[in-house]
Every structure is written in structure tokens, then in C-alpha cells.
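Please read it beside the sequence and the structure shown here.

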Amino acid sequence: MSYFYPKPLRYQSLYGISQLTLTEHYKIYLGYVERTNEIRSLLLSADRAKANATYSPYRELKLEETYSLNGIKLHELYFENLTPMGEGEPEQELLLYLGRSFGSWEKWREDFTALGMSARGWAIMALDLDEKIRNFLQDAHNLGEITRSLPLLVLDVYEHAYFLDYMTDRKGYIEAFFRNIHWGVVNRRFRQALAACNACYPFFLPLDL
Ligand SMILES: [Fe+2]
């Protein structure tokens, strides 16, 4: 039984990111789809009566499901928020939120770049439904997520995302990432997140940087 089906990659290459890198990266994504389906199948028959916090098959499956399932979701967000040479620009209200959250668009970008240089897995710009736009990093698919935050822009900084093209020059890869951002997708996510957000209103937010 399959629970998840892979989404197709809409492009073969990006500005500064080769077809080889994307092809291999997509294979990694397919692996998360396969493993998540396997875990879901095994969970159907896992013995709940033997559930235990030190070790139990049920516990291990539930734990690895968080890694595998987030591996699907984060890669889909990443691939979706890119398009060759980029498209569109941040909408005005998003710029307003970024200004209130970081001081300015430039400071947000500076912080997001530092985030990408610091993370071991993912750099994420998200709307924290209890406050404001927040940049946070994840060192693994299931390590570092801020609860009640909806991702707006996702950057994969695992070495498989850039090493074939940039070797150790991660900064060069991040600069290429910015050139490829599909802002129409980011704007749509921002609109959807705002609709779910009661506490977010820029004029009432404290400017704590
Ligand atoms: Fe990846």
C-alpha cells in the first residue's frame, strides 16, 4: 500500500545548479517517499501493547517517521520555491512583515544567508503564528522546528544539494539559490499563513531584533 506519491520535479536545471545535482537530489527525495510508505505499512501491525520509551518497535517507527516524513515535506517545499532564474518578487505586505521582523529586507537577507551558512540541514523562513516572521535552522529533518511556524521559504544546505557544483563554496550556492527563488510561491504561502494567523499584525509587533 502506498500512502505518499512523489511530486514531479518541474525543471531540469536551475541557475548555477546543474541537472546532475538535481537528478541526484531528486533520488534522495524519492527515498524519503519510499521509506515513509514502508514505515506507515509497518505501523499498521506494530504492537501497541509493547510500547516503551526506552525501546519498542512502535517507538522507533514513530520516531523515524518524523525524520522520513519531514524529509518529504521539506524537499517538496524546497523544490517548489525554486524556478530557473527565479520569478516575481516579494509582495508588499511580506516586505512589511520582513521589515518589522528584521529591521529591513536587507537585514532579513543577511540573516537568512548567515542561517544557510550555519545550518547542517535546512534554513527556513517561516511565519510564527504567535508572533512574526522568523528565520530558524534545522540540523536534521526532525531537529530544530519551531512549533506553530509555517514555512515560507526553504533552503536545503545538506552537502548533496550543492557539493557537485560548488564543492566547499556553500556561499556561492546560497547566492545561486537567491537567484532562483519563485517569489510567487513564497507569496502564496505567506497569504495562506496569514489566513491562519490571529496574533500577526505588523503595526502591533514589537521590533525586537
Ligand atoms: Fe536534500
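Strands β1 and β3 run antiparallel and are joined by seven bridges; two strands are taken to pair if DSSP finds at least two bridges between them. The model is a predicted one, in which local features need pLDDT of at least 70, side-chain atom pairs count only at pLDDT 80 or more, and totals for chains, interfaces and linings use all residues. Residues are numbered from 1 along each chain as its sequence is written. Helices (H or I, at least four residues) and strands (E, at least two) are DSSP runs, numbered from the N terminus.

**Strands**

- Strand β1 covers residues 122–128 and strand β2 covers residues 133–138; the two run antiparallel and are joined by six bridges.
- Six of the seven residues of β1 are buried, so that the strand is mostly covered, because a residue counts as buried if 20 or more other C-beta atoms lie within 10 Å of its own, as exposed if 12 or fewer do, and as partly exposed in between, with C-beta atoms placed from the backbone.

**Helix α2**

- Helix α2 comprises the 24 residues 57–80, which at 1.5 Å a residue should span 34 Å; the end C-alpha atoms are 34 Å apart, in agreement with that expectation.
- The expected span is 1.5 Å times one less than the number of residues in the helix.
- A kink of about 25° is centred on Glu-65 in α2, where the bend at a residue is the angle between axes fitted to the seven residues ending there and the seven starting there.
- The buried residues of α2 are Ser-68, Leu-69, Asn-70, Gly-71, Ile-72, Leu-74, His-75, Tyr-78 and Phe-79.
- These buried residues pack against α1 (19–45), β1 and β3 (149–156); two residues are in contact if their C-beta atoms, placed from the backbone, lie within 7 Å.

**Domains**

- The protein chain is divided into domain 1 (19–80) and domain 2 (92–204), with bounds that come from an automatic or database domain assignment.
- The centres of domain 1 and domain 2, taken over C-alpha atoms, are separated by 23 Å.
- Domain 1 and domain 2 each contribute 13 residues to the contact.
- On the side of domain 1 that touches domain 2, the elements giving two or more residues are α1 and α2.
- Helix α2 gives the most to that side, with eight residues.
- By class, the side of domain 1 that touches domain 2 has six nonpolar, five polar and two charged residues.
- In this classification Ala, Val, Leu, Ile, Met, Phe, Trp, Tyr, Cys and Pro count as nonpolar, Asp, Glu, Lys and Arg as charged, and the others, Gly among them, as polar.

**Residues with positive phi**

- Most residues other than glycine have a negative phi.
- Arg-148, although not a glycine, has a positive phi of about 60°.
- Arg-148 lies in the loop between β2 and β3 and counts as partly exposed because it has 14 C-beta neighbours inside 10 Å.
- Met-167, also a residue other than glycine, has a positive phi near 50°.
- Met-167 is located in the loop between α5 (163–166) and α6 (170–179), and its 11 C-beta neighbours inside 10 Å are why it counts as exposed.

**Loop residues and their contacts**

- Asp-139 is placed in the loop between β2 and β3 and counts as exposed, with 12 C-beta neighbours inside 10 Å.
- Leaving aside neighbours within four places in sequence, Asp-139 is in contact with Ala-119, Arg-120, Gly-121 and Gly-144.
- From C-alpha to C-alpha, Asp-139 and Val-157 are 9.5 Å apart in space and 18 residues apart in sequence.
- Pro-90 is found in the loop between α2 and α3 (92–102), where its 19 C-beta neighbours inside 10 Å make it partly exposed.
- Pro-90 and Val-186 are 96 residues apart in sequence, yet 7.6 Å apart in space, C-alpha to C-alpha.
- Leaving aside neighbours within four places in sequence, the contacts of Pro-90 are Leu-95, Trp-183, Val-186 and Asn-187.
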